[in-house]
Amino acid sequence: MENILITGITGQDGIFLTHKLIKQNKNFSIIGISRQKDLVPFYNKLKLLGTDDFSKVKILHTDLTNKQAVDLLIKEVSPTRVFNLSGPSSVYDSLNYPEHTNKLITGIFDNLTESLITHENFCNFFQASSSEMLSGGLDGVIDENSEEKPNSPYAISKLNNHKKVLKLSDEFSWNIISGIMFNHESEFRDSNYLTSKIISGVKNINNNKLEFLDIGSIDYMRDWSFAGDVMDAIVKLSYGNAQGSYIIGSGVGHTIQEILEIVFGYYDLNWKKYVSIDKNLLREGDPKVKIANPKKIFSEFGWKAETSFSDLIIRCIEKSI
């Protein structure tokens with residue numbers, strides 16, 4: 001029987017990953033690690049996706065920044081597969097708390113991989129990496145060989161882990177993967193992210209609770225995918241025994257204005273009447289365009305993002321809780 005360890009299981013990605021693994025109906029147990037004590041929202045979100053059998057899921061509150069605790073966890077669980085989704089995901093928060101961000105992102109990765117090595121457990125390991133650590137140059141398109149250019153403590157920590165993945169992969173012929181994920185959204189996305197802020201703001205405007213929506217730019221272009229599609233990608237990578245790095249994104253860029261048009265249009269409102277541009281909201285050094293080139297994962301595993309951009313935004317509007 002497989003013992004699948006998922007860190008950060010109660011986050012957006014962990015919810016979709018757990019749902020997809022349970023749907024496979026294989027002989028396994030899922031051991032999830034979360035800092036959240038109240039697990040009711042986690043199980044409720046799984047139910048919304050159509051999963052109501054949680055017999056294979058066990059949630060632990062292990063402190064992953066504690067090396068001894070992680071070592072005991074690895075020894076007792078003896079995982080056959082690890083998905084490391086833990087750590088903060090906000091670039092903006094990392095600017096205010098750089099040391100804490102590094103401790104959570106780099107420290108947890110080190111504790112997990114060092115303990116696995118100590119116990120000679122070279123199980124399949126997926127590390128959640130980020131497009132924030134790379135630059136797409138003039139055209140903004142990023143692939144696995146793009147220039148390293150982190151511009152935040154979050155991105156620096158992610159890049160450190162990414163480099164370690166490549167080193168460990170070579171050193172131990174380990175099926176350890178760095179999944180370089182681009183923006184991915186769902187109805188479970190935290191409220192402090194752009195798409196959620198826009199949707200929440202427009203809902204309030206429609207309900208006469210807000211007059212204007214402040215946006216840093218309408219021209220910035222990003223590669224947005226559905227979180228469920230992205231979790232399909234990491235399952236393919238893990239069960240395909242991949243190693244090294246893979247870009248995970250749709251390969252298509254969309255502007256913030258396009259999000260505004262879809263969301264305001266859903267409520268039959270003209271976005272131009274309600275949007276106020278405040279360039280103080282922009283992050284210094286943030287590139288105007290950032291788009292994935294997912295050619296490698298498509299050619300090797302046949303994965304591509306299935307959910308269209310408009311369908312994604314409409315889903316987030318209609319299903320957000």
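What you are looking at is a predicted model.

**The whole chain**

Switch to a cartoon. The chain holds 11 helices and 17 strands. Its radius of gyration is 20 Å, close to the 20 Å that the globule rule gives for 321 residues, so the chain is as compact as a globular protein of that length.

Colour by burial next. Of the 321 residues, 52% count as buried. If you display contacts between residues at least 6 apart in sequence, 83% of them join residues at least 24 apart.

Then colour the charged side chains. There are 35 positive and 40 negative ones, and the centres of the two sets lie 3 Å apart.

**Stop 1: Glu2**

Select Glu2, in strand β1, which covers residues 2-7. Is Glu2 buried or exposed? Glu2 is buried, with a relative accessible area of 17%, and the cut-off for buried is under 20%. Show its side chain and that of Thr80: the two make a polar contact of 3.5 Å. Now show what surrounds Glu2. Leaving out residues up to four places away in sequence, Glu2 touches Asn27, Phe28, Ser29, Thr80, Arg81 and Tyr239.

**Stop 2: Ser34**

Move on to Ser34, in the loop between β2 (28-33) and α2 (40-48). Ser34 has 5% relative accessibility and counts as buried. Which side chain does the side chain of Ser34 join in a polar contact of 2.7 Å? The partner is Thr10. The side chain of Ser34 also reaches the backbone nitrogen of Gln36, at 3.0 Å. Beyond neighbours within four places in sequence, Ser34 is in contact with Ile9, Thr10, Ile59, Leu60 and His61.

**Stop 3: Thr65**

Select Thr65, which sits in the loop between β3 (57-60) and α3. Thr65 is partly exposed, its relative accessible area being 26%. Show the side chain of Asp63 as well: a polar contact of 2.6 Å joins it to the side chain of Thr65. Then look for residues from another part of the sequence. Not counting residues up to four places away, Thr65 touches Lys103, Leu104, Ile108 and Asn111. Thr65 and Asp110 are 45 residues apart along the chain, and their C-alpha atoms are separated by 9.2 Å.

**Stop 4: Ser78**

The last two stops concern backbone angles. Most residues other than glycine have a negative phi. Select Ser78, in the loop between α3 (67-77) and β4 (81-84). Its phi is positive, near 50 degrees, and Ser78 is not a glycine. Ser78 is partly exposed, at a relative accessible area of 40%.

**Stop 5: Asn208**

Finish at Asn208. Where does Asn208 lie? Asn208 is in the loop between α7 (194-206) and β11 (213-215). Asn208 is not a glycine, yet its phi is positive, at about 60 degrees. With 73% relative accessibility, Asn208 counts as exposed; the cut-off for exposed is over 50%.

Methods. Residues are numbered from 1 along each chain as its sequence is written. This is a predicted model: local features need pLDDT of at least 70, side-chain atom pairs count only at pLDDT 80 or more; totals for chains, interfaces and linings use all residues. Side-chain values use heavy atoms; hydrogens and water are left out. Helices (H or I, at least four residues) and strands (E, at least two) are DSSP runs, numbered from the N terminus. The radius of gyration is taken over C-alpha atoms; the globule rule is 2.2 Å times the number of residues to the power 0.38. Buried means under 20% relative accessible area, exposed over 50%, partly exposed in between (1.4 Å probe, protein chains only). Contact means heavy atoms within 4.5 Å. Lys and Arg count as positive and Asp and Glu as negative; His and the chain ends are not counted. The place of a charge is taken as NZ of Lys, CZ of Arg, CG of Asp or CD of Glu. A polar contact is a pair of N or O atoms within 3.5 Å; within protein, one must be able to donate a hydrogen and the other to accept it, and residues adjacent in sequence count only if both atoms are side-chain atoms.
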